[in-house]
Amino acid sequence: MILHLVRKWFTEISTVGILYVDGAEECYVLEDRVRTGPKVPGETAIPEGTYTVIIDHSRRFNRDMPLILDVPGFTGIRIHSGNTAANTDGCLLVGRTRGPKPDWIGSSRVAFDALFEKLHSVLRNRMHVEITISHEEEGE
């Protein structure tokens with residue numbers, strides 16, 4: 001399974017993009033802001049690149065969750081539900097809706113549950129999942 005996150009909307013607080021699963025639009029993703037300078041712990045989006053995704057047990061959430069592996073300078077990067085940058089420390093938050101504020105996504109639990117089921121189905125069959133993160137300014 002191939003996930004592709006295209007970052008599209010950038011503010012001083014957050015970054016919002018669209019997640020595609022095997023080429024089909026799945027949901028919105030909200031992350032911390034993209035920074036060109038040094039990483040600010042808990043306030044910086046992960047670097048662009050391609051990463052392996054697994055599911056393992058999260059002690060913080062006390063349940064199985066998607067984990068993004070081998071992110072340079074980051075540990076414990078998960079995909080989970082949440083609505084604003086305050087809900088993430090570098091993780092990817094998923095949601096079905098975007099706005100009404102620029103740094104907000106909605107219907108996050110619905111989006112997470114749908115994505116988790118797809119990931120879990122693929123991974124329990126021992127297939128590989130990877131995510132590529134890139135960006136495109138709105139209007140490109």
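This is a predicted model: local features need pLDDT of at least 70, side-chain atom pairs count only at pLDDT 80 or more; totals for chains, interfaces and linings use all residues.

I begin with Pro100, which is found in the loop between β8 (97–98) and β9 (105–106); strands here are DSSP runs (E, at least two residues) and helices likewise (H or I, at least four), numbered from the N terminus. The peptide bond from Gly99 to Pro100 is cis, with omega near 15°.

Residues are numbered from 1 along each chain as its sequence is written, and side-chain values use heavy atoms, with hydrogens and water left out.

Two further loop residues deserve attention. Most residues other than glycine have a negative phi, and most peptide bonds are trans. Asn62, although not a glycine, has a positive phi of about 55°. Asn62 sits in the loop between β4 (49–58) and β5 (63–68), and its relative accessibility of 60% makes it exposed; the classes are buried under 20% relative accessible area, exposed over 50% and partly exposed in between, with a 1.4 Å probe and protein chains only. Ser107, also not a glycine, has a positive phi of about 50°. Ser107 lies in the loop between β9 and α1 and, at 40% relative accessibility, counts as partly exposed.

Now to the fold as a whole. The protein chain has one helix and ten strands, in the order β-β-β-β-β-β-β-β-β-α-β from the N terminus. The radius of gyration is 14 Å, close to the 14 Å that the globule rule gives for 140 residues, so the chain is as compact as a globular protein of that length; this radius is taken over C-alpha atoms, and the rule is 2.2 Å times the number of residues to the power 0.38. Of the 140 residues, 43% are buried.

What does the interior contain? The largest nonpolar core has 27 residues, and those with the most contacts inside it are Leu3, Leu19, Ile68, Val94 and Ile131. Helix α1 (residues 108–124) gives the most to this core, with six residues. Apart from it lies another core, of seven residues, including Trp9, Ile18, Leu30 and Ala85. By nonpolar core I mean a set of buried Ala, Val, Leu, Ile, Met, Phe, Trp, Tyr and Cys residues joined through side-chain atoms within 4.5 Å.

With 29% relative accessibility, His4 is classed as partly exposed. Neighbours within four places in sequence aside, His4 is in contact (heavy atoms within 4.5 Å) with Ile18, Leu19, Tyr20, Thr132 and Ser134. The C-alpha atoms of His4 and Arg35 are separated by 20 Å, the two residues being 31 apart along the chain.

A pocket, on a 1 Å grid over the protein atoms alone, is an open set of points where a 1.4 Å probe fits, with protein on both sides within 12 Å along at least five of seven lines; lining residues have an atom within 4 Å of a point. The volume of the largest pocket is about 150 Å³, meaning the space filled by probe spheres set on the points, which are joined across faces, edges and corners.
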